[in-house]
Amino acid sequence: MSSIIHLIQTFNLNKLCFLSFSFCLFVFFNSPSLKGEEKKVEVPSPKEIMKKTFNRNEGKSSYVSNILLSCQFEIVKKNNKSKKKCSSPPRIKEFKSIAIEIQKDSIDAKSLSLIKKPASEKGLGFMQVDYIEEGKSSDQWMFLPALKKTKRVVGDEDGPKTGSFFGSEISYEDIEKHHENDFTYKLIKEEKIKETPTWVIEMTPTGKKAKTRSYGKSTSWISKRSYIVLKTEHYDKRGFLLKTFKQSNVEKINGIWIAKRMIVINHQKSRMSMLKLKSVLINPQFSEDLISLRALKDETFLESELQKIHGK
Amino acid sequence: MKSQVSLTKAMSAYILPVLALIFISYPTISLSSEDEFDFGFEDSEENKDQRPLEKKSSPFKIDLNGNITLKSSRQIGSPKRWNYLGPSLKLKGSLNTPYAFLKFDGDSEFNLAFKIEKDDETFSKKHLPKSRLREIYVQKSFGKHTIYLGKKIVVWGKADALVITDVLTPKDNSLLLLTDIEKSRTGQLLFEWDFYLKNIELNLYAIPFPLYNLYPDQGHPYGLPLNYTVKNQGEFTKKEQNSEGALRINYESDWGSTAFLLASIHNRDSVLETINIFDLSFQEKHERYLFLGLTMDIALKKMLLKTEMAYEKEKLTQTYTEFFGQQIPTVAKQNVLSLMGGVDYNHNRWGNWIFEISGSKIEKWSHLLLMSFSKNFLNEDLKLSASITFYDHLKNPSLSASSSYRINDSLKATLSSTLIDIQKPLDSNPMLSGLSEMDQIGLEIKYLF
């Protein structure tokens, strides 16, 4: 699950165009606080907001059944509304994910995903270990059932992990965990997304993170209510819009806010992906040892352990 | 994009005040129009139970998948002929019961090529169809332990192609170059006990009736001529002293993994000893030897460094003796040292590269060098791969290339070719020059379910 929830956390921001910037200035100068019309409400600093977002309570553990769709899209206009529509049947992947927060022995969190469909990829597994140390890249492994082998996914620690996550528009760097000190932040504005008030924060990667990230800047819309990132625009290093992540179907499950649908639009490739949580268990009881290379290569063992979770 | 930025700047001077007014009128920015997506997929069926697993309806659960493939492979060397033409079926599945899991993997091939080419009739009939059960075993996990019993494939080693420590599982080489290494592995009856302790994995194997590598049957264009008599083919497994044992200890750390391998096994490859050269009678021999191995992989920047070492004590090996100008097969027990070093290099733009070199010393060193490249295109629908292997000498290259296109989630087409040119075979392996005629191309269309 943290693979999904980490996606939520990834969203960093970017260079806004001049128009938006002007608008921000306009809003700023017309804000009630400047005019003294309302009581001054203390706005947390953008770093504090993002710290809360990164460290948001996502549950200590999770067990999720996901469906991932990816396709080339075309823009269809109807009744003055534009719609992004798959121009060919989408590729559909179904996979299960489990995740657990560790927070000890330098390990931050562990997650494991296993593909159930399509048949050609059944049994393909992916495991990730995130570290507490700032700037340290996650370790990733894949299990290739045809070869009966576990292979370490080796990326460039000094460069971005832009490889595709299960063939979608989500890249491995998108599912890496971030620390608040990995970026500098700027609060651009406050606005609503579908009646949900948000902070709009621009994030620029710093130091080592700047080298390991393919995005130059990102802009995130953070829900004031749940600290979930409802939308993120990622800009490439030349300043052009590369990807937009949108999260919706936000629900409170076991007291924890979860976005059950995420759409990723790759503007430069005209492709989009939808990650949908078909079902989700928050804080199921299982040992951190379950997320291991043993479980990655042995679906049977993993299934039997998950059955126990299900039975509880 | 640059023109868009300029346009935006130009527009801002004139339209900004108007837009600002609009924004004032709509303090809540509606993003609904941007939220319209159509994946052509019904996503309304939320699982109200919020549980990722199906409700328990039966304690037994069957899972079945596989593929139906239409395959063709034509030899374009000399002589030109079909090597494969026909369909094949692969089935893989599992049965989950409250007591244990049962897994199986089998395939059946219906190869008309031998009939079309008018090869030996007895041999041709064997392939119409030729079925095999590659794996069937029960598995039970409890705590830190997992046990397996049945016909099972075991894969050892870190190399992708030039594996020198993958000695336990026999290979089915009956179609020679037509079979990938992973498809050629075939299971054998064994008992396996796995024990897991933090970063350490221990595997113990007991193999009561080992199986050996398979080669083209007599009658096959690459098999032994029909007038040869080979004793002990398939007989050896019945002898009691054949039982084998093996151990693997793997340690996983932040920087990579290391495995220590130990086995008391018989040579899997067929070794022929001449009984009588005048009536062309030979016997196949398999004898016990001690295998020691070490494998490591180390993650370093973009690369994964791989190494394997193997020492085989008094292993039965194939040798040749000259007899009136002819090389006749003989056997000898020798100590064999093998080494492998390799690098995986993954680059998002330049694709995935594998470099591997392996060497084996019996009396002299013989070695293999492999370079392989693969990259996905068209959003992973198209995969191009190519590899070149040099056998002992740079004048002995084998070039393989394939392109695989995924038409949809269930349908895939693959075009492949292999070109071999052996100009300088080693004395220790006179059979190598025979490969030089085996240039071939193939096409297969696979339906996965």
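Rings of Phe, Tyr and Trp (its six-membered ring) form an aromatic pair if their centres lie within 6.5 Å; planes under 30 degrees apart are stacked, over 60 edge-to-face, and the rest tilted. The model is predicted, with local features needing pLDDT of at least 70 and side-chain atom pairs pLDDT 80 or more. Residues are numbered from 1 along each chain as its sequence is written, and side-chain values use heavy atoms.

**Exercise 1.** Find the aromatic cluster that holds Phe54(A), and classify the pair of Phe183(A) and Tyr185(A).

*Solution.* 
- Over all chains, the rule gives 14 aromatic pairs.
- For Phe183(A) and Tyr185(A), the centres are 6.2 Å apart and the planes 50° apart, a tilted pair.
- Both Phe183(A) and Tyr185(A) are buried (under 20% relative accessible area; exposed is over 50%, partly exposed in between; 1.4 Å probe, protein chains only).

**Exercise 2.** Work out why the pair of Trp156(B) and Tyr205(B) is edge-to-face, and whether each residue is buried or exposed.

*Solution.* 
- The ring centres of Trp156(B) and Tyr205(B) are 5.8 Å apart with planes at 65°, so the pair is edge-to-face.
- Trp156(B) is buried because its relative accessibility is 1%.
- Tyr205(B), at 6% relative accessible area, is buried.

**Exercise 3.** Locate the rings that have the charged ends of Lys231(A) and Lys375(B) over them.

*Solution.* 
- A charge sits over a ring if NZ of Lys or CZ of Arg is within 6 Å of the ring centre and within 35 degrees of the ring normal.
- Lys231(A) has its charged end over the ring of Trp221(A), 4.4 Å from the centre.
- Lys375(B) lies over the face of Phe377(B), 5.5 Å from the ring centre.

Key. Chains are lettered from A and ligands numbered from 1 in the order in which they are written.
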